[in-house]
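Please look over the sequence and the model before reading on.

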Amino acid sequence: MDSQNKLVFFDMNQQTDILVIGAGIAGAGIAAQLAKSKRVIILDMEERPGYHSTGRSAAMFAMNYGNDPIKKLNRASWEMFQNLSPTFFPHPVLADRGVLYYANVDSKAHLDELIASADDLDFLSAAEAKKLVPIIDENECAGVGFERDAKDLDVAALHQGWLKEAKTNGGIVVCDAGVTAAKYVDGVWQLETSQGVFEAPIVVNAAGAWADEVAQMFGVAPVGLVAKRRSIATLPSSHPEQSHKWPMLLSAVEDWYMKPDAGSFLVSPADEDPVPPHDVFVDDMVLAEGLFRFSEATTYEVTHVDGSWAGLRVFTPDKTPVCGYASAVDGFFWLAGQGGYGIQTSPALSLLAAHMVLRTSLPSFADQELIDDLSPNRATLTQ
Ligand SMILES: Cc1cc2nc3c(=O)[nH]c(=O)nc-3n(C[C@H](O)[C@H](O)[C@H](O)COP(=O)(O)OP(=O)(O)OC[C@H]3O[C@@H](n4cnc5c(N)ncnc54)[C@H](O)[C@@H]3O)c2cc1C
């Protein structure tokens with residue numbers, strides 16, 4: 001734990017320019033941008049930043065993953081990942097991996113559609129795929145789509161880099177500071193937490209699965225966020241000497257995936273069960289079904305599981321994040337609903353969100369269509 005995050009106590013109202021609720025990747029990313037020109041305090045209810053979704057991801061960057069607005073953010077983020085500041089990101093946060101979108105006979109048509117609509121997704125036969133991932137069962141596989149440029153993400157380095165950048169520019173992170181109530185007095189939001197009252201004219205809601213609950217504390221209508229559990233099991237690799245170099249295997253209909261990770265395989269049932277926001281844990285039955293689908297597609301025999309975890313992927317009704325000011329309530333900015341793409345889109349989304357908060361000219365990748373797609377006031381949301 002970063003002790004600086006914990007040992008901040010306030011015995012009087014703390015005033016600042018912008019309060020960010022949530023110290024996950026969304027809160028850290030926007031705080032790093034905002035702290036360049038404003039006083040920023042990040043509040044998180046947990047005792048350390050990154051405890052929820054951010055600390056539980058599969059840590060992948062895949063350009064073809066997500067809907068059209070997400071793909072725009074993927075493309076913009078790709079450029080930004082190549083140009084992160086060496087002061088805060090001394091090592092590259094992306095590393096070679098690749099993804100094979102795997103199809104069996106039943107999902108082959110879906111793979112064909114995916115390849116037709118995607119950038120740089122090459123079809124490989126089962127035999128060609130098996131050369132890349134030798135545990136693929138050729139008798140079951142109807143072919144794969146190969147995204148060569150998909151990368152592993154060093155999520156911890158990215159998250160910590162942004163927190164460090166924010167703090168270097170005067171930002172403050174306060175943990176164990178869950179926001180429990182808010183009121184607006186003379187153009188300033190007053191937020192109650194167990195660490196005292198924090199005040200600012202602008203509040204950024206980066207509270208992940210809790211963002212709708214937080215919005216309601218401010219009198220802002222919820223946007224219809226649904227938190228969906230996703231589980232991951234750690235299995236021993238069948239080929240510990242070689243498998244760290246294999247691409248990830250992702251079923252084309254996303255009902256399981258396997259990512260090599262050092263001497264292990266991370267296998268997910270790709271579950272999407274809606275659950276209330278909470279400290280989520282694995283459902284053993286769901287995990288077992290996913291392991292079965294993985295073993296059906298491969299020659300790997302699942303004999304034991306070394307460990308497992310679950311996290312929340314948080315979606316709006318149209319699966320596009322919300323980024324923008326609430327229309328009916330002053331000084332309340334949404335940054336939530338990043339689904340299964342919140343890490344890979346975070347460079348572009350943080351930059352765009354910060355410009356929108358400050359009402360400065362937007363980065364060139366942000367066309368009007370993207371701004372409309374991300375608007376918290378769009379018609380496709382439940383309000
Ligand atoms: C299993 C899994 C695999 C994934 N794989 C990938 C992947 O490969 N690539 C990718 O890009 N994305 C992936 N994701 C998605 C990604 O992890 C999320 O989109 C991202 O972490 C969301 O970040 P966040 O900051 O919005 O949420 P969080 O990290 O959950 O942060 C929200 C924070 O708000 C705080 N908070 C909530 N309420 C309050 C309150 N009232 N007061 C103060 N603080 C509060 C919480 O404590 C929390 O720290 C995956 C997710 C899961 C679960």
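## Overall build

Two residues are in contact if their C-beta atoms, placed from the backbone, lie within 7 Å. By that criterion, residues 24 or more positions apart account for 73% of the contacts in the protein with a separation of 6 or more. The model is a predicted one, in which local features need pLDDT of at least 70 and side-chain atom pairs count only at pLDDT 80 or more, while totals for chains, interfaces and linings use all residues. Residues are numbered from 1 along each chain as its sequence is written.

The protein has ten helices and 22 strands, where helices (H or I, at least four residues) and strands (E, at least two) are DSSP runs numbered from the N terminus. Its radius of gyration, taken over C-alpha atoms, is 21 Å, close to the 21 Å that the globule rule gives for 383 residues, so the protein is as compact as a globular protein of that length; the rule is 2.2 Å times the number of residues to the power 0.38. Along the principal axes, the C-alpha atoms fill a box of roughly 70 × 40 × 40 Å. Of the 383 residues, 50% are buried, a residue being buried if 20 or more other C-beta atoms, placed from the backbone, lie within 10 Å of its own.

## Two of the sheets

Strands of a sheet pair through backbone hydrogen bonds, either parallel or antiparallel, and two strands are taken to pair if DSSP finds at least two bridges between them. E11 pairs with strand E12 (residues 188-193) in the antiparallel sense over five bridges; Val185 stands opposite Val188 in E12, and Tyr184 has Trp189 in E12 as its bridge partner. The hairpin of E11 and E12 has two residues between the strands, and there Asp186 takes a positive phi near 50 degrees.

Another open sheet consists of three strands in the order E4-E9-E5, with antiparallel pairing. Strand E4 (60-61) and strand E5 (94-96) are its edge strands, each pairing on one side only. Two bridges join E4 to strand E9 (residues 151-153), the two running antiparallel, and Met60 stands opposite Asp152 in E9.

## Domains

The domain assignment, whose bounds come from an automatic or database source, gives domain 1 (3-57 + 155-223 + 318-374) and domain 2 (99-148 + 226-315). The side of domain 1 that touches domain 2 divides into three nonpolar, eight polar and three charged residues; here Ala, Val, Leu, Ile, Met, Phe, Trp, Tyr, Cys and Pro count as nonpolar, Asp, Glu, Lys and Arg as charged, and the others, Gly among them, as polar. In this contact, 14 residues of domain 1 meet eight residues of domain 2, while the centres of the two domains, taken over C-alpha atoms, are separated by 32 Å.

## Around the ligand

Which residues are the closest to the ligand? They are Gly22, Gly24, Gly208, Gly311 and Gly342, out of 40 residues that surround the ligand, each counted if its C-beta atom, placed from the backbone, lies within 6 Å. The shell divides into 20 nonpolar, 15 polar and five charged residues. Domain 1 and domain 2 each give at least three residues to this shell, and helix H2 (25-34), strand E15 (226-236) and strand E20 (307-315) each supply at least two.

Technical notes:
Buried ≥ 20, exposed ≤ 12 C-beta atoms within 10 Å, placed from the backbone.
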